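Trainee: I would like to learn how to read a structure like this one. Please take me through it one feature at a time.

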Amino acid sequence: MARARTTVNRAVLGASGLVLLLVGAWLALVNRAPSWWPAVDSGTLWPTRTRLARLRAEDWWTPTVVATAILLTVLLAYLCLAQLRSGPVRHLALPSPGGTVRPRALAEALTARAAAVPGVARARARVLPRRRRRLDVGLRVWLHPGTRPDAVLSSLHAVTAEAERATAPYTAYTRIRLSTPSQRRSRVR
């Protein structure tokens, strides 16, 4: 949901910017209004007072203006509130009847299990629910100095396999990133 929202936001922003850029460039180069634009004398308003009085006298004018204003306000309010939503998935359904787990709780459990593996200095996990019962699991692991990655990797695979079995209806796509601390020595000045 967040990725689709970001894509829509960028597309609307890009299209709006492109339209404004083209209109501004055209007005700057031509230095006059288009032929279909109504001519307005300097010092007058558009539409003119007589034209506005005629429009207000029409039966359809006032309800159309009010309905358009209400529709635009509701649409913009909905878009603003949609930006504040954190996402549709609050709990992941588990295979046991009535069993659920929050993605953040699952990430904390994965972090604790990965940090308990011998040779791991610290770990951080992130679980992102996706559509069609898919979980994107990111596991970032920092190793103790001198620990070989292949010595730790099989234990980390066991931890992620256990998490995948625990969330059985979901398919987990796991990415494990291993890092070692820098070997820089402190300098004395």
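Mentor: Start with exposure: a residue is called buried under 20% relative accessible area, exposed over 50%, and partly exposed in between. Keep in mind that this is a predicted model. By that scale R130 is partly exposed, because its relative accessibility is 27%.

Trainee: What percentage of the residues of the protein chain count as buried?

Mentor: Of the 189 residues, 20% count as buried.

Trainee: How many helices and strands does the protein chain have?

Mentor: There are 5 helices and 5 strands. In sequence order the pattern runs α-α-α-β-β-α-β-β-α-β.

Trainee: How do I read a salt bridge, and how many does the structure hold?

Mentor: Look for a side-chain nitrogen of Lys or Arg within 4 Å of a carboxyl oxygen of Asp or Glu. The structure holds 5 salt bridges. One of them joins R130 to D136, with the closest N and O atoms 3.0 Å apart. D136 also meets R134 in a salt bridge, at 3.0 Å from N to O.

Trainee: Is D136 buried or exposed?

Mentor: D136 is buried, because its relative accessible area is 18%. R134, at 34% relative accessibility, is partly exposed.

Trainee: Which residues make the salt bridge at 2.7 Å?

Mentor: The side chains of D150 and R148 do, counted from N to O. D150 is partly exposed at 47% relative accessibility, whereas R148 is exposed, with a relative accessible area of 55%.

Trainee: How do I read an aromatic pair, and how many does a search of the whole structure find?

Mentor: Check the distance between the ring centres and the angle between the planes; planes over 60 degrees apart count as edge-to-face. The search of the whole structure finds 1 aromatic pair. W60 and W61 form this pair, with 5.7 Å from centre to centre and 75° between the planes, so the pair is edge-to-face. Both residues are partly exposed: W60 has a relative accessible area of 45%, and W61 has 23%.

Trainee: Where does the charged end of R122 sit?

Mentor: The charged end of R122 sits over the ring of W142, 3.8 Å from the ring centre. There is also R133, whose charged end lies over the ring of Y170 at 5.3 Å from the centre.

Trainee: How do I read a cavity, and how many of 30 Å³ or more are found?

Mentor: The general idea is that rolling a probe the size of a water molecule over the atoms shows where empty space is left. Here the search of the whole structure finds 1 cavity of 30 Å³ or more. The largest cavity has a volume of about 60 Å³.

Trainee: Which residues line the largest cavity?

Mentor: The lining consists of L106, L110, L135, V137, T160, A163, E164, T167, A172 and T174. By kind, these residues divide into 6 nonpolar, 3 polar and 1 charged.

Trainee: Which element gives the most to the lining of the largest cavity?

Mentor: That is α5, with 3 residues. At least two lining residues come from each of α4 (103-115), β4 (134-143), α5 (149-166) and β5 (171-179).

Note on methods:
Residues numbered from 1 in each chain as written. Predicted model: local features only at pLDDT ≥ 70, side-chain atom pairs only at ≥ 80, totals over all residues. Heavy atoms only, no water. Phe/Tyr/Trp six-rings, centres within 6.5 Å; stacked < 30°, edge-to-face > 60°. Buried < 20%, exposed > 50% of the residue type's maximum accessible area, 1.4 Å probe, protein only. Lys NZ or Arg CZ within 6 Å of the ring centre and 35° of its normal. 1 Å grid on protein atoms, 1.4 Å probe; cavity = no way out; pocket = protein on both sides within 12 Å on 5 of 7 lines; lining within 4 Å. Points joined across faces, edges and corners; volume = space filled by probe spheres on them. Helix = DSSP H or I, 4+ residues; strand = E, 2+ residues; numbered from the N terminus. Nonpolar A, V, L, I, M, F, W, Y, C, P; charged D, E, K, R; others polar.
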